[in-house]
Amino acid sequence: MASTGTTTPHAGHADVHEHGAHDLSFWKKYVFSTDHKTIGIQYAVTALCFLLFGFFLMMLMRWQLAFPGKAIPLIGGLFGEGRAPGGTMLPTFYNELGAMHGTIMVFLGIVPLAVGGFGNFVLPLQIGAPDMAFPRINMASYWFFFLGGVTMLLSFIIPPGGAAQSGWTSYAPLSDIAGSGQTWWIMGMVLLITSSLLGAINFIVTTIQLRAPGLSFFRLPFFCWAQFVTAFLLLLAFPPLEAAGVLQLMDRVAGTSFFLPSGLVVSGQALQVSGGGNPLLWQHLFWFLAHPEVYVLILPAMGIVAEIIANNTRKPLFGYRTMVYSLIFLGFMSFIVWAHHMFMTGMGTTMAAFFQTTTMIISIPSVAILTSLIISLWGGSIRFNTPMLFALAFLPMFGIGGLTGLPLGLNITDIPLHDTYYVIGHFHYVVAPGTIFALFAGIYYWYPKATGRKMSETLGRWHFWPSLLLMNGIFMPMFLTGLAGMSRRLADGGATYAFTKPVLHYNQWSSFSAWGLALFQIPFIINFFWSMKNGEKVDSNAWQSTTLEWSAAGSPPGHGNFKTIPTVYRGAYEYSVPGAAKDFTPQDQRS
């Protein structure tokens with residue numbers, strides 16, 4: 001189904017932007033830009049900064065877990081006597097770090113990079129559009145995200161008692177009665193959710209309305225499908241959490257009791273609230289968002305990996321349509337599995353059986369996509385460049401994350417594993433060596449389109465191989481400590497429990513791996529900035545690819561993207577076509 005009716009508006013839009021681009025001031029061109037490429041870069045750079053900050057919080061936590069009760073070396077005195085007297089971390093400070101690490105990595109780092117960064121920069125180019133459907137809403141989306149992030153960071157220093165300490169899940173009733181940092185957390189989340197909703201509407205309308213002539217849905221690159229389905233997840237899953245956040249805010253500042261039960265006693269004192277609320281309501285509303293949120297993380301990653309594998313095997317994706325159907329089914333199913341996070345709440349057997357069944361079913365489309373990507377490698381003339389290395393590493397890492405999640409979807413095995421380090425290991429295999437490796441792959445892959453230069457392959461390999469080793473060094477031991485019963489969210493890493501002593505040494509193993517991982521991100525940071533001026537210059541199609549973003553002249557393309565809106569004549573992955581002059585045939589090439 002081609003969007004033939006959009007050709008004329010496209011051309012007009014492009015002309016307007018092309019003409020107006022010369023008159024833009026610095027502020028409108030680089031700060032308050034409405035160009036999707038600039039906004040994508042803004043999202044990406046801001047999210048990378050947040051990721052680095054969230055990673056720094058984790059390294060502090062790893063010191064406490066590895067050496068509980070010992071002063072943090074060198075920088076321990078910087079945190080003040082209220083958080084780290086004598087440089088030794090207090091449990092309340094550990095709770096701050098834990099809550100904000102999870103929040104920052106998920107809501108300020110990975111999702112904005114995967115959707116706001118890659119989605120904004122790549123999707124309009126891949127569908128042959130001159131920009132997003134609503135450029136000003138797009139700009140507003142970024143600034144809501146930025147303000148939400150700033151609000152979160154300021155919560156460390158402005159409210160008395162510091163940032164939120166109720167975990168990234170902010171479970172009630174603890175979060176209802178926590179310090180004022182929790183109020184800042186809610187306000188920050190409302191801004192971030194507003195940003196996501198604005199962005200989701202824009203992605204959906206852009207994909208439906210602004211596809212180039214001839215670009216039917218089944219000619220879309222898989223990355224576009226991933227972003228399209230992700231946008232629906234954001235649009236449908238975030239409003240319940242935004243509503244829940246407002247209700248929690250009312251509990252905290254207006255004396256309501258949406259999540260506060262009657263008869264609540266805190267530190268031996270009866271809490272003077274109206275009561276009658278239900279803390280489990282928060283869990284339902286939170287996980288109704290948070291399980292689809294896992295797929296908001298992983299679907300764009302799958303899209304990125306699919307693009308890179310097709311390009312570097314010089315083959316079409318195996319089972320493209322099966323992958324697309326699996327993606328849609330995955331998105332739908334993600335809305336009816338949330339309560340498998342809540343088996344511990346005393347769920348009845350009928351409901352438990354329902355959510356166990358849906359959880360097992362949702363693994364099927366995930367396996368279908370992963371299997372298709374693996375089979376796509378078969379018989380390919382593989383180019384082992386840096387983006388391909390990260391994309392290849394994604395496959396087994398995500399596989400480990402997915403397989404280790406199956407026991408958590410069954411209540412008989414979930415209950416003993418609940419809130420142990422096994423859960424941490426499972427989740428992080430999905431989002432760290434899984435999703436983040438895919439995002440690194442995407443940065444290396446589309447960097448030439450954003451700058452006109454390639455990143456250094458040598459530095460890329462110095463980044464990839466140690467990162468692969470050390471990621472596993474961090475998270476693999478968590479399966480062992482979790483199976484031994486070590487609980488998460490303990491500021492001493494479980495040192496006070498006798499049954500964890502045989503596995504306590506794994507805490508140090510994970511910590512040294514984490515600090516090593518930080519060290520080997522330095523080649524990436526150097527590479528990222530050094531290559532802007534010194535990287536190998538490339539033409540507009542740096543990887544000899546078939547999709548439309550590489551047909552746009554210039555790197556990055558000018559405002560409006562295409563001098564004339566391209567016409568699409570073929571599918572997204574026509575590589576190594578028998579009889580063709582080259583081993584790739586761009587989508588806009590007539591024959």
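**Close-up views of a predicted model**

**View 1. Trp-27 and the residues in contact with Trp-27.** Leaving aside residues up to four places away in sequence, Trp-27 touches Phe-32 and Ser-33. The structure shown here and in the other views is a predicted model. Trp-27 belongs to helix 2, which covers residues 26–31. Because the relative accessibility of Trp-27 is 55%, and exposed means over 50%, this residue counts as exposed. Between Trp-27 and Ala-231 there are 29 Å in space, taken from C-alpha to C-alpha, and the two residues are 204 residues apart in sequence.

**View 2. Helix 3 and the cap at its N-terminal end.** Helix 3 consists of 31 residues, 36–66. At 1.5 Å a residue, helix 3 should span 45 Å, and the 44 Å between its end C-alpha atoms agrees with this value. Of the 31 residues, 24 are buried, so helix 3 is largely enclosed by the rest of the structure; buried here means under 20% relative accessible area. The N-terminal end of helix 3 is capped by Asp-35. A side-chain oxygen of Asp-35 lies 2.8 Å from the backbone nitrogen of Lys-37.

**View 3. The largest cavity and its lining.** Four cavities of 30 Å³ or more are found when the whole structure is searched. The largest cavity has a volume of about 190 Å³. It is lined by 20 residues, of which Tyr-43, Val-111, Pro-112, Ser-195 and Ser-196 are the closest to its centre. At least two residues of the lining come from each of helix 4 (91–126), helix 5 (135–154), helix 7 (181–209) and helix 8 (222–253). Helix 7 gives the most, with eight residues. By type, the lining of the largest cavity comprises 13 nonpolar and seven polar residues, and no charged residues.

**View 4. The second largest cavity, with helix 7 and helix 8.** The second largest cavity holds about 40 Å³ of space. Its lining is formed by Trp-185, Ile-186, Met-189, Val-190, Ile-193, Leu-241, Glu-242 and Gly-245. Helix 7 and helix 8 are the elements that give two or more residues to this lining. Helix 7 gives the most to the lining of the second largest cavity, namely five residues. In an α-helix there are 3.6 residues a turn, so residues three or four places apart point the same way. The lining of the second largest cavity divides into six nonpolar residues, one polar residue and one charged residue.

Definitions and conventions
Residues are numbered from 1 along each chain as its sequence is written. This is a predicted model: local features need pLDDT of at least 70, side-chain atom pairs count only at pLDDT 80 or more; totals for chains, interfaces and linings use all residues. Side-chain values use heavy atoms; hydrogens and water are left out. On a 1 Å grid over the protein atoms alone, a cavity is a set of points where a 1.4 Å probe fits but cannot get out, and a pocket is an open set with protein on both sides within 12 Å along at least five of seven lines; lining residues have an atom within 4 Å of a point. Grid points are joined across faces, edges and corners, and a volume is the space filled by probe spheres set on the points. Helices (H or I, at least four residues) and strands (E, at least two) are DSSP runs, numbered from the N terminus. Ala, Val, Leu, Ile, Met, Phe, Trp, Tyr, Cys and Pro count as nonpolar, Asp, Glu, Lys and Arg as charged, and the others, Gly among them, as polar. Buried means under 20% relative accessible area, exposed over 50%, partly exposed in between (1.4 Å probe, protein chains only). Contact means heavy atoms within 4.5 Å. The expected span of a helix is 1.5 Å times one less than its number of residues. A polar contact is a pair of N or O atoms within 3.5 Å; within protein, one must be able to donate a hydrogen and the other to accept it, and residues adjacent in sequence count only if both atoms are side-chain atoms.
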